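Let's take a friendly walk through a protein model. Have a look at the structure below, and then we will read some of its parts together.

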Amino acid sequence: MAARGLLHTKNSRLYNMNCFWLIRFSTEIVLRPVSSRHFCLKTESANAESRQENGILVNNLARMGVDVEMVRRRQPGILKKLITNEEGLKRFLQSKGATNEVIASIISRYPRAITRSYESLEKRWELWRSILMTDLEIVNILGRSPESFFRSSNNINMEKNITFFCSLGLTSKHLCSMLTRAPRVFSNRVELNKQMTDLLHEIYLSLGGENPNDFVKHIISKNVFILLRSSKQVSANIEFLQSSFHLSNEELLALLHGSRATILDLSNEYIKKNFTDAKEKLLSLGCTEREVDRFFISYPRVLFLSSKTLSDKIDCLLQAKVHIKQIVETSHVLSASISTIRSKVKELEKTSYDLKTNGIGILCLSKERFEAKLEKLH
């Protein structure tokens with residue numbers, strides 16, 4: 001019996017060991033193809049990364065005056081492509097009036113342009129020409145921002161955007177201005193642009209407005225860049241303006257209807273920081289809370305200024321014996337640069353002009369009007 005038990009124990013151990021090796025061996029069999037596949041993928045990826053540049057393409061671009069080093073920094077993969085259309089792009093742009101220098105600059109700054117087909121270029125140009133008056137206008141925009149034209153080859157999406165903007169009541173003149181100032185909005189998905197206009201529509205109604213369509217049209221025509229911002233950012237900025245400036249719904253609508261709508265472009269954190277720092281500066285100089293509110297409402301673009309720039313401008317005016325109350329009441333004087341303010345103050349000192357008595361409106365005059373005023377003072 002003991003021998004039989006010992007034999008049974010040995011058999012069990014052998015059985016367990018066999019199972020262990022069988023499982024281990026089976027696992028290796030199962031895993032080996034995955035490992036091999038993973039190795040192959042890594043090898044292929046490494047080969048793609050180490051693929052040599054297309055020498056013929058590099059030479060062609062160099063002959064065209066393209067900054068090849070800039071291309072390598074911006075979009076290095078383009079130089080490894082075997083099929084490109086740099087010669088076709090050059091002929092196409094030349095036919096539209098672009099110089100060789102402009103063409104080289106466009107490719108240097110946005111190399112992906114050489115991957116667009118002639119048909120795609122022709123169709124996109126046709127769409128742009130349906131808005132802009134001349135080929136030269138398009139060439140000028142491309143020279144300034146090549147990405148705006150070549151970033152997307154989705155011409156159907158651009159057609160949808162044009163149709164959508166027209167449905168908002170925007171005229172050809174508005175579209176021309178939009179395409180000139182912010183061409184990227186035409187590359188946005190039409191759903192994204194609609195999302196922003198829907199938000200503006202809702203905001204206007206929530207503030208008691210009666211004609212939301214006119215409001216949306218007005219905001220976009222005055223501040224097209226809002227279509228490049230996130231809905232979350234715009235909502236946060238509007239809430240901040242109303243709560244920080246202690247505005248009623250009617251006052252906020254009046255603020256947004258004016259030229260101040262551009263303030264919605266700023267990041268919410270940037271607005272908050274500039275507002276807090278500016279408020280502290282004004283309060284430290286003896287302004288009341290109400291005066292601070294009036295200061296921001298009359299010139300909200302002051303929030304575009306960094307804390308240091310604003311502080312330096314105020315200090316510059318104070319050194320010229322201007323009272324802080326005058327700055328608050330004529331806040332747009334801060335739109336001038338510090339060097340301009342100093343230069344004008346220096347010229348006025350020669351005429352014994354008293355800024356505290358006569359006011360600081362003279363500092364807000366254009367260069368021509370200021371010089372004419374100086375002649376009269378002399």
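A residue counts as buried when its relative accessible area is under 20%, as exposed when that area is over 50%, and as partly exposed in between, using a 1.4 Å probe and protein chains only. Before we use this, note that the model is predicted, that local features need pLDDT of at least 70, that side-chain atom pairs count only at pLDDT 80 or more, and that totals for chains, interfaces and linings use all residues. Residues are numbered from 1 along each chain as its sequence is written, and side-chain values use heavy atoms, leaving out hydrogens and water.

Let's start with asparagine 155. Its relative accessibility is 9%, so asparagine 155 is buried. You will find asparagine 155 in helix α9; helices here are DSSP runs of H or I with at least four residues, strands are runs of E with at least two, and both are numbered from the N terminus. Which residues does asparagine 155 touch, not counting those up to four places away in sequence? They are Ser120, Lys123, Arg124 and Leu127, where contact means heavy atoms within 4.5 Å.

Serine 152 sits in the loop between α8 and α9 (155-167). Serine 152 is buried too, at 16% relative accessibility. Neighbours within four places in sequence aside, serine 152 is in contact with Arg116, Arg124 and Ser187.

Now follow α9 to its meeting with helix α10 (residues 172-181). The two axes come within 10 Å and cross at roughly 135°. Such axes are lines fitted to C-alpha atoms, for helices over the stretch in contact, and the angles run from 0 to 180 degrees between N-to-C directions. α9 and α10 are therefore oblique to each other, because angles under 35 degrees count as roughly parallel, over 145 as roughly antiparallel, 65 to 115 as roughly perpendicular and the rest as oblique. On the α9 side, the contact is made by Met158, Ile162, Phe165 and Cys166, and on the α10 side by Leu175, Met178 and Leu179.

Phenylalanine 186 belongs to the loop between α10 and α11 (190-206). With a relative accessible area of 1%, phenylalanine 186 is buried. Residues up to four places away in sequence are not counted here, and phenylalanine 186 touches residues including Met158, Ile162, Phe165, Leu175, Met178 and Leu179. Phenylalanine 186 and phenylalanine 165 are 21 residues apart in sequence and 9.5 Å apart in space, C-alpha to C-alpha.

Next come the aromatic rings. A pair of aromatic rings is described by the distance of the centres and the angle of the planes. Rings of Phe, Tyr and Trp (its six-membered ring) pair if their centres lie within 6.5 Å; planes under 30 degrees apart count as stacked, over 60 as edge-to-face and the rest as tilted. By this rule there are 13 aromatic pairs. Why is the pair of tryptophan 125 and phenylalanine 149 edge-to-face? Their centres are 5.7 Å apart and their planes stand at 65°, so the pair falls into that class. Tryptophan 125 lies in helix α6 (residues 118-129) and phenylalanine 149 in helix α8 (residues 146-150), so the pair ties together parts that are 24 residues apart in sequence. Tryptophan 125 is buried, with a relative accessible area of 2%, and phenylalanine 149 is buried at 1%.

A tilted pair is formed by phenylalanine 245 and phenylalanine 275, 5.7 Å centre to centre with 45° between the planes. Both phenylalanine 245 and phenylalanine 275 are buried.
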